[in-house]
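Reader: I'd like to learn how to read a model like this one. Can we go through it feature by feature?

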Amino acid sequence: MPPHPVEEFTSSSSWAMIEDKFSPFAKETLANLVDFARNEIEPARRVWQAQLPDDPVKRWKTIIPITEELKEKAKKRGLWNLFLSKAHYPEHGVPLTNLEYAVMAEVLGRYGQYGSEALNCSAPDTGNMEVLARYGSPEQQKKWLIPLLNGEIRSAFSMTEKGVASSDATNIQTSIRRDGDSIVINGHKWWISGAGDPRCKLHIVMGRSDPDNKDKYLQQSIVLVPADHPGVKFIRPMQVYGYDDAPEGHGEIIYDNVRVPLSNLVLGWGRGFEIIQGRLGPGRIHHCMRSVGAAQYALDLMIQRVTDPKRKTFGKFLYEHGTIVSDIAKSRAEIESARLLVLSAAHQIDKFKAKGALKEIGIAKFVVPTMAAGVIDRAMQSYGAEGVSQDTPLARMAAGMRTLRFADGPDEVHIQQIGRRELKRAQHLHKLSAELAKKEAALFRAQRMARL
């Protein structure tokens, strides 16, 4: 039986370990995706870049034509909304497990935002669609979820605040209050991904609705706000190491007495934390899946560079100099290790849902972006000055990976959570050690008695 084409993108050993967990539909879809990636997405990389204007005004009004063409092709091939598992979202989902999608997301991770967007699998829309599919009312789903699922509009998740340590969401200060039959929102947000896109029609806003509640996890609520609603003020796009990530961007937003109907409240008053925990778990692991793919792509670029006969220096291939062979080996080992972490987390989500896989998600969240950033940095070094320029994707990839170390929660938060979780095992370990000591002592007594 010939090898599955995905082995071109991932390791044969990883695939051999999980292949029997893939349904026939998943294997067929994965092969379809690999073909689409090779023959449609990959050739479009430079075209996508060329179709985004340099003009600082036009680039925020541009819907990139090649992306829309890829979306239509992906729909026709059935490669659409692959992230949404039918097991968790029977009405809207695709019959794929998180483990099956993990491998597909790794393939898409090679192509950055435009690759995932081509299949309607890009953040922040993926998490927002999950919020609406899981918690939205029938009216909210009809108005917002269906157009998002169809790829007709885009959306933003508005949580992070300027001047507030909002990695601890209990600190969020945006005011959400009821006023008769309306909800009034006032607040100052930033790093709101997707808010700059001309197709963005919806902000999912988190804010404080019950500041006096003794339970700090019941103080926050989630409200749906149309992007063009009166009082929604887009201040500026934020930059990441000089990249503005147009046309999607990461906006700074002020909500100035924004008034929306009560029906725009999601799930109920004080349910904000419940909603974001349901959203962030899968979203974090999707980022990790794509990051493994990005690291693999960076390693591929590095290998091509150091074996290019046109790039010889002092009569030698680049790989014959210094520590490059060692760097390649380290990169391979780190990618393999991180991939197994991600696959394990995806499998745990399938078995126990995101809440039951917090340990695995947390470990992957702080290990994978750091790994990918290291691999990308080595690849950049092999390219010299070209590696930090716009002529390769490596510099943009490096900026994205560095950002992921605090997006969806800083590394330090996840490290602390995992460390505290491990410390909870201490009592049990002491108990086991004491039991072992008793058994050892009994064996020594028995040995002494036998010699008497």
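Author: Helices (H or I, at least four residues) and strands (E, at least two) are DSSP runs, numbered from the N terminus. This is a predicted model, where local features need pLDDT of at least 70 and side-chain atom pairs count only at 80 or more, while totals for chains, interfaces and linings use all residues. Residues are numbered from 1 along each chain as its sequence is written, and side-chain values use heavy atoms, leaving out hydrogens and water.

Reader: Is the crossing of H2 and H4 left-handed or right-handed?

Author: H2 and H4 cross in the right-handed sense. Two packed helices are described by the angle between their axes and the distance between them. Axes are lines fitted to C-alpha atoms, for helices over the stretch in contact, and angles run from 0 to 180 degrees between N-to-C directions. Here H2 (residues 24-41) and H4 (residues 65-76) have axes that come within 12 Å and cross at roughly 150 degrees. H2 and H4 are therefore roughly antiparallel (under 35 degrees is roughly parallel, over 145 roughly antiparallel, 65 to 115 roughly perpendicular, the rest oblique).

Reader: Which residues of H2 and H4 make the contact?

Author: Contact means heavy atoms within 4.5 Å. From H2 you get Phe-36, Glu-40 and Ile-41, and from H4 Leu-70, Lys-73 and Ala-74. By class, that contact of H2 with H4 has four nonpolar, no polar and two charged residues (Ala, Val, Leu, Ile, Met, Phe, Trp, Tyr, Cys and Pro are nonpolar, Asp, Glu, Lys and Arg charged, the others, Gly among them, polar).

Reader: At what angle do H10 and H11 pack?

Author: H10 (residues 324-352) and H11 (residues 358-383) pack at about 155 degrees, with their axes 9 Å apart. H10 and H11 are therefore roughly antiparallel, and H10 passes H11 in a left-handed crossing. The contact of H10 with H11 has twelve nonpolar, three polar and five charged residues. Among them are Ile-335, Leu-341 and Ile-349 in H10, along with Val-367, Met-371 and Arg-378 in H11.

Reader: Is Arg-110 buried or exposed?

Author: Buried means under 20% relative accessible area, exposed over 50%, partly exposed in between (1.4 Å probe, protein chains only). Arg-110 has a relative accessible area of 5%, so it is buried. Arg-110 lies in the loop between H5 (98-108) and H6 (112-117). Leaving aside residues up to four places away in sequence, Arg-110 touches Phe-9, Arg-38, Arg-45, Gly-293, Ala-294, Gln-296, Tyr-297 and Asp-300.

Reader: How many residues of H7 are buried?

Author: In H7 (residues 125-135), ten of its eleven residues are buried. They include Asp-125, Glu-130 and Tyr-135.

Notes. Left-handed = near helix turned anticlockwise from the far one by under 90°.
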